[in-house]
Amino acid sequence: MIREKMREALSRCTECGQCEQFCSIFLTMGEHSAQQKLKIIGELLEGRELTDEEIDSVFLCTKCEACQEVCPQEIPTIEIFDWARHTIQSKYGFRNKKQQILVQNILHYGNPFGETKSRLLDASAPPEKIVHQGEDIPPSSTLLHLGCMLAYRFADMRDDLLEIFNLLEIDYTLLEEEKCCGYFIWNTGDHHSAEKVIQENARIFDPYDRIICACAGCYTFFKQNYPHPEKFYHNIEIISEKLKELNLAPLMKKGEHHCVIFHDSCHLTRPHGIIEPPREVLRQIGYELEEFPLSGKEGLCCGADGGMRIVNPELALTMGNARLNQLKEHQDLPFLTLCPFCIFNFRECVSEEEPWKIGSLYQYIKEYLQKAL
Ligand code: SF4
Ligand code: SF4
């Protein structure tokens, strides 16, 4: 966004405070709302030096988009925050060593963890579905993009998803050398390095007509920052459609009630309106939902995203606990979500003594299909 447009957008803020009502950071700490950030960014825009506290405040944000969703002045807060992070990174450098290492790992190894082994090591994908480096002709025009969290940290979730695709006979290709989407880098403000990753991936994606994403964060980044956003889908959209076509019956016996909690990922709800598909799937396979007091577009963030785990992991956990506490009386129910990053943060929030079982929807869909088909 050019500076004049930015000034105009900032000048529209009436300080009404609406953006505070659904901001997980503000609700947890009583500060760092979008309204407060915009004031700091106004100073940055006019060339004033920022203090360390002001810079931290800009980065203390999960980019959940709640402020943008509710702002009556339609201020594009996320675009403004991205500009500010980039400007700060260019002017003052990385916020901490962890950000720097993360960027280096992605540029050198293609993932934020510095893993050197293949993403598909031990994966349950049929070998004919895997495209190896240097092979030009993909077996399918649909690419299944796993993302770094599923590939390296949640092998069970990855294999459940692959099994669902196999059971539903959804055609796909997997890249042996799949690389990070660049979202982690983008959130540090180092847009120059992120652009390199985008260009490289866009070239690799070129032969595919459809790219199905397993990670909500990758999905949003692809949709918002890559060429041909119309090619990208989240897997739950595809799975939900396929289940509707099959019209299978739930396996629960009449009178049986099985209930789960479902936590919406911010990256699916506010930017893309993906709220009903996971609920439709759960209902179709026979589960009832215990909804949060605030869910869908109003749902609170898990606390992990937007680079929060890197700049302030303690605060990420405080926010995660605040979300869990909203349904504390139901902690005996399975707590499901679709985003590996939400699972990662929530699992760290929960102590061994607590009965919470944080997991993915994929396990439930897979187990249902194995019996129903
Ligand atoms: S909701 Fe919009 S106008 Fe109101 S304080 Fe927040 S950013 Fe400003
Ligand atoms: S994007 Fe989310 S966390 Fe960041 S300021 Fe807006 S509401 Fe708060």
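A crossing of two helices is called left-handed if the near helix is turned anticlockwise from the far one by less than a right angle, and right-handed if clockwise. Keep that in mind for the first stop. The model on screen is a predicted one.

**Stop 1: two helices**

Select residues 3–11, which are helix α1, and residues 34–45, which are helix α3. Two packed helices are described by the angle between their axes and the distance between the axes. Here the angle is about 150°, and the axes are 11 Å apart. The crossing of α1 past α3 is left-handed.

Now show the side chains at the contact. On α1, pick Arg3, Met6, Arg7 and Leu10. On α3, pick Leu38, Ile41, Gly42 and Leu45. Of the residues in this contact, five are nonpolar, one is polar and two are charged.

**Stop 2**

Together the three strands make an open sheet, ordered β2-β4-β5, with parallel pairing. Strands of a sheet pair through backbone hydrogen bonds, either parallel or antiparallel.

From one strand to the next, the twist averages 25°.

Select His145, and opposite it in β4 is Cys213.

**Stop 3: a helix across the sheet**

Finally, select residues 216–225, helix α12. This helix lies across β2, β4 and β5, and runs at about 155° to β5.

Conventions:
Residues are numbered from 1 along each chain as its sequence is written. Chains are lettered from A and ligands numbered from 1 in the order in which they are written. This is a predicted model: local features need pLDDT of at least 70, side-chain atom pairs count only at pLDDT 80 or more; totals for chains, interfaces and linings use all residues. Axes are lines fitted to C-alpha atoms, for helices over the stretch in contact, and angles run from 0 to 180 degrees between N-to-C directions. Helices (H or I, at least four residues) and strands (E, at least two) are DSSP runs, numbered from the N terminus. Two residues are in contact if their C-beta atoms, placed from the backbone, lie within 7 Å. Ala, Val, Leu, Ile, Met, Phe, Trp, Tyr, Cys and Pro count as nonpolar, Asp, Glu, Lys and Arg as charged, and the others, Gly among them, as polar. Two strands pair if DSSP finds at least two bridges between them.
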